[in-house]
Amino acid sequence: MSHTMSHAMSGTALPLTAVPEPTRESAPHPSSLAIWPGSTTPLVDDDLAVGGVPLTELAERFGTPAYVLDEDEVRRRCRAYLRAFPDTDVFYAAKAFLCRAMAHWVREEGLGLDVCSAGELELAVTTGFPPERILLHGNAKSPDDLRTALRLGVGRIVIDSTSEIARLAAAVPAGSRQKVLIRVVPGIAAGGHAKIRTGTDGQKFGLSLADGSAQHAVTRVLGQPRLQLVGLHCHLGSQITAVKPYLSAVRRLVGLLARIHEQHGITLPELDLGGGHGVAYRPGEPALDIVGLGAKIRTELAGSCAAAGLPVPRLAIEPGRAIAGPAGVVLYRVLAVKQTGGHTFVAVDGGMSDNPRPALYGVRYAPRLVGRRSAAAPEPVTVVGRHCEAGDILASDVHLPGDIRPGDLLAVPVAGAYHLSMASGYNLVGRPPVVAVTRGHARLLVRREVLADIQGRDVGL
């Protein structure tokens with residue numbers, strides 16, 4: 001095992017080669033780096049440094065494919081949310097990406113955590129995350145999910161169906177009460193793709209406002225002495241770039257808070273508006289303005305509550321992608337270039353096993369050649385993966401230098417969310433490592449999955 005590989009396996013941070021000063025002739029147009037982590041710096045030979053570490057050196061040291069995560073960018077985005085949403089509980093949505101280091105960063109920056117399973121919950125708590133600052137979601141929570149949440153003392157559980165109410169109440173130990181919120185479907189269509197819109201009826205999440213299911217669930221929860229209803233929750237979907245849907249949700253949920261007050265004589269103190277805040281995956285795409293969102297939500301909430309004669313509840317939000325996504329970059333090595341049927345296909349050493357999102361949602365990325373200066377004119381290509389699926393496409397109709405060739409290094413920005421968390425074992429290629437960069441140092445957070453890991457689970461003939 002090489003010296004650098006032994007350090008990579010141990011996770012020891014090593015200072016890498018000093019980053020040279022960017023040169024004027026090699027620097028790309030600033031707008032081309034708009035979607036990259038804020039620390040991204042152009043170098044000679046069209047290399048880029050993220051967190052002060054050249055991408056070519058990261059590829060050499062850790063291999064490809066590899067996920068690179070800019071720790072300072074994650075922390076900066078956490079702080080930006082706290083500034084944009086004062087007096088608000090900001091829960092990081094762990095489903096976007098979670099590892100022990102990520103839980104540690106989020107905790108240090110003062111955010112709570114939104115988890116969807118016993119696995120995410122256990123990882124966070126055993127890393128030192130305070131369970132009272134954790135919120136458990138799930139449209140179909142398993143008995144193990146609920147037992148684990150109660151055993152560890154999770155702060156909030158979001159009720160997603162009426163059948164869950166009695167199950168949860170029965171599991172709460174005698175003499176104690178579990179704080180819960182009810183997930184309401186407000187009947188608002190928002191989100192970047194039909195598969196990630198969750199604010200309308202006809203999908204699996206939440207309890208409908210329109211058909212009375214949400215109101216019925218409120219009555220049921222209030223009848224359970226071991227459950228303490230503290231508020232309402234909603235999540236409209238993902239990749240939302242407009243403020244208006246959130247303001248509509250505020251008005252509808254405050255309306256429900258007013259009806260609960262009238263019917264039951266109680267004032268619920270909390271309102272969770274979920275996340276789904278959109279980010280740009282390609283230069284020029286829109287992203288949700290969180291500063292504007294924070295100001296407009298607070299204004300709408302105050303006005304709606306005043307009109308209803310209610311005190312303003314404590315607000316909560318759950319950003320995930322908007323914190324992790326733009327902080328990540330994935331590195332691939334080109335394996336083959338093929339012209340066929342009037343198209344040029346650039347095949348890399350990863351694909352749908354480390355990023356299924358293009359196949360699932362048609363997401364479009366902006367890969368970039370790094371580490372080699374090319375004078376060739378850009379040409380349209382389709383970047384594809386190595387897997388045995390025609391749908392294994394990472395980026396269609398993107399422009400790369402016309403002399404792109406095997407051995408070249410491609411870097412894809414906005415790769416910090418829903419990549420490793422949705423990665424699979426397809427074709428048994430092994431999931432890539434996660435490498436953190438900050439201030440010129442790199443360290444391994446999650447090691448590469450190797451064949452021995454896969455074989456270790458295969459225990460029978």
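Trainee: How many cavities of 30 Å³ or more does the count come to?

Mentor: The count comes to 3 cavities of 30 Å³ or more. The model is predicted: local features need pLDDT of at least 70 and side-chain atom pairs count only at pLDDT 80 or more, while totals for chains, interfaces and linings use all residues. Residues are numbered from 1 along each chain as its sequence is written, and side-chain values use heavy atoms, without hydrogens and water. On a 1 Å grid over the protein atoms alone, a cavity is a set of points where a 1.4 Å probe fits but cannot get out, and lining residues have an atom within 4 Å of a point. Volume is the space filled by probe spheres set on the points, which are joined across faces, edges and corners.

As background, the protein has 461 residues, of which 53% are buried (under 20% relative accessible area, with a 1.4 Å probe and protein chains only; over 50% is exposed, and partly exposed lies in between).

The largest cavity has a volume of about 80 Å³. Its lining consists of 14 residues, and those nearest the centre are Tyr-67, Leu-69, Phe-97, Ala-415 and Gly-416. Strand S5, residues 66-70, gives the largest share of this lining, 3 residues. By class, the lining of the largest cavity has 10 nonpolar residues, 4 polar and no charged ones; Ala, Val, Leu, Ile, Met, Phe, Trp, Tyr, Cys and Pro count as nonpolar, Asp, Glu, Lys and Arg as charged, and the others, Gly among them, as polar. Pro-65 is placed in the loop between helix H2 (55-62) and S5. The peptide bond that runs from Thr-64 to Pro-65 is cis, and its omega is near -10 degrees.

The second largest cavity holds about 50 Å³ of space. Strand S15 (328-340) and S19 are the elements that give two or more residues to its lining. The residues that line the second largest cavity are Val-330, Tyr-332, Asn-355, Tyr-365, Pro-367, Val-383, Leu-394, Ala-395 and Val-412. The lining of the second largest cavity splits into 8 nonpolar residues, 1 polar and no charged residues.

Two of those names lead further. Take Tyr-365, part of the lining of the second largest cavity. A search of the whole structure finds 2 aromatic pairs (Phe, Tyr or Trp rings, the six-membered one for Trp, with centres within 6.5 Å; planes under 30 degrees apart are stacked, over 60 edge-to-face, the rest tilted). Tyr-281 and Tyr-365 form an edge-to-face pair, at 5.2 Å centre to centre and with 75 degrees between the planes. Tyr-281 lies in the loop between strand S13 (270-272) and helix H10 (290-308), and Tyr-365 lies in the loop between helix H12 (357-361) and S17, so this pair ties together parts 84 residues apart in sequence. Tyr-281 and Tyr-365 are both buried.

A pocket is an open set of points with protein on both sides within 12 Å along at least five of seven lines. The second largest pocket has a volume of about 500 Å³. It is lined by 22 residues, and Pro-367, Arg-368, Leu-369, His-399 and Leu-400 are the closest to its centre. Strands S17 (368-370) and S19 (393-401) each supply at least two residues of this lining, and S19 gives the most, 5 residues. The lining of the second largest pocket has 14 nonpolar, 3 polar and 5 charged residues.

S19 also holds Asp-397. Phi of Asp-397 is near 55 degrees, a positive value in a residue that is not glycine. With a relative accessible area of 46%, Asp-397 is partly exposed. Leu-428 likewise has a positive phi, about 55 degrees, and is not a glycine. Leu-428 lies in the loop between strand S20 (409-413) and strand S21 (434-438). Its relative accessible area is 53%, so Leu-428 is exposed.

Conventions: Helix = DSSP H or I, 4+ residues; strand = E, 2+ residues; numbered from the N terminus.
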